[in-house]
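Hi there,

Here is the structure I promised to pass along. My notes on it follow below; please have a look when you get a moment.

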Amino acid sequence: MFNKIIKLGQKKFNKSDQHHQDNNASTNNVVRASRTTTAAASSVSNGESQATASSPSQTPIHPMFTSTPTLEVLPLLKDVSSSDRPLLFMKKAHMCSCHCDFSDTLIMPREKEIKRQTLLELVDFLHSSSAKVNETMQSELIRMVSANIFRCLPPAHYENTGAPPEGNDPEEEEPYLEPWWPHLQLVYELLLRYVVSSEIEPKTAKKFINHIFVSRLLDLFDSEDPREREYLKTVLHRIYGKFIFHRPFIRCSIYNVFYKFLYETERCIGIGELLEILGSVINGFTVPMREEHRLYLVKAILPLHKSKSISIYHQQLSYCVTQFVEKDYKLADTVIRGLLKFWPLTNCQKEVLFLGELEEVLDATEPSEFQHCVVPLFTQIGKCLNSAHFQVAERALFLWNNEHIVGLIAQNKDVIFPIIFEALERNMKGHWNQAVHGLSENVRRMFLEMDTELFEECEKQHSENEAKACELLEQRELTWKRLEEAASLAA
């Protein structure tokens, strides 16, 4: 009876559309140099992944699905008996492996709608509390998901370049939107429902959500469509939470993406989303922190500060770095010295970001660790105080608005006062910005109230240094005058 229903519902689209679909599928296998996937994944093309046992699911294909899938109208899952439902589910999943051409809205409109409605039905079926998905159904489902999302990405907006042309801000550029997102979104929703479903056992699902599958998911973070990256972030985070045996591999793979970004491509697409995932991962680390995590902090996370495009992902990066310090206070010295190592020399906007991150790190720093780095830290802060860019100087002075930082300074005032005093005096006498002048006066007054004797000693030392500087300047001018006189006499 079920076979009769299937035959009655079949309405295959015409040959011209089938031919167009075949051509479209063949073009998806063209691999561009800048958008390649991992070696293990790229050895399998979209078509081969459905017809061989080397697909991401690593399971044999059901005998009835060896032919090319075609889009057709099928009965609803709720309209068939429970015994016939698994086979119909697999047939619908196999049918949705078809790719539709979205380059023109007039091409294949009926087939696109069939696929969209079918995907919606599959999403509702997985969302249903009564849905039972056996291993064979899972295999066909993941094979369909793989056929849709694992594809050759379109050329990047700045192909094979690490940064946009001079004068263009990547944050102001219009993001690329995937034309066939109406189908992709539903496929991602299916994958998400599958991963979070309480009915799916991890021991069974790991046959399909394996290392190759996860690697190919990470490759898709190179997509320029922010909607796709948002779904990828959610899916990968859920996989990390549910599949404990994948956690070391996922962490290592994310760090490898950072290495590739830093030392090869310099393309920052997807780095922010990966850092968001990593922020949640770091939050779950046990204390004391393992040496592996410390090593990745130094080798993969802190070097992300040297990128020119740090503004795109700095918020997420700052959160990750602060999480390390909050988890293990002994890492404060490592983090602060790492920030000083990559401190920008000529980029003022980047310097403002660093000062903001430094305040968050110092807010989580213990006094015992603060003492280790106080001299190089406040030497750099002193330079920021005298910056001709008023935003940098202003942001550095705002550090004294933080009570915890003021407390750390008070405990190390004997070291900090002599370093900062001269910078404050320079601002008081010669900084062009009135706001910076006023803030410097407030900090100077705070020092005076904190320790009057030390303040007077620093003031005396500063006066002596200025007198010596004036004396050296006079000697230099006198020497030049003598040289000029000697030169005139010789002429």
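**Around isoleucine 269**

Leaving aside residues up to four places away in sequence, isoleucine 269 touches Phe221, Asp222, Ser223, Glu224 and Arg229, where contact means heavy atoms within 4.5 Å. This is a predicted model, in which local features need pLDDT of at least 70 and side-chain atom pairs count only at pLDDT 80 or more, while totals for chains, interfaces and linings use all residues. Residues are numbered from 1 along each chain as its sequence is written, and side-chain values use heavy atoms, with hydrogens and water left out.

Isoleucine 269 sits in the loop between helix 12 (247–265) and helix 13 (271–283); helices are DSSP runs of H or I, at least four residues, numbered from the N terminus. From aspartate 225 it is 44 residues away in sequence and 9.5 Å away in space, C-alpha to C-alpha.

**Helix 6**

The end C-alpha atoms of helix 6 (residues 109–127) are 27 Å apart, which agrees with the 27 Å that its 19 residues should span at 1.5 Å a residue (the expected span is 1.5 Å times one less than the number of residues). Its buried residues (under 20% relative accessible area, 1.4 Å probe, protein chains only) include Ile114, Leu119, Leu122 and Phe125, and also the charged-side-chain names Glu111 and Lys112.

**Helices 16 and 19**

In the contact between these two, Ile336, Arg337 and Leu340 of helix 16 meet Pro376, Leu377 and Gln380 of helix 19.

Best wishes

Note on methods
Buried < 20%, exposed > 50% of the residue type's maximum accessible area, 1.4 Å probe, protein only.
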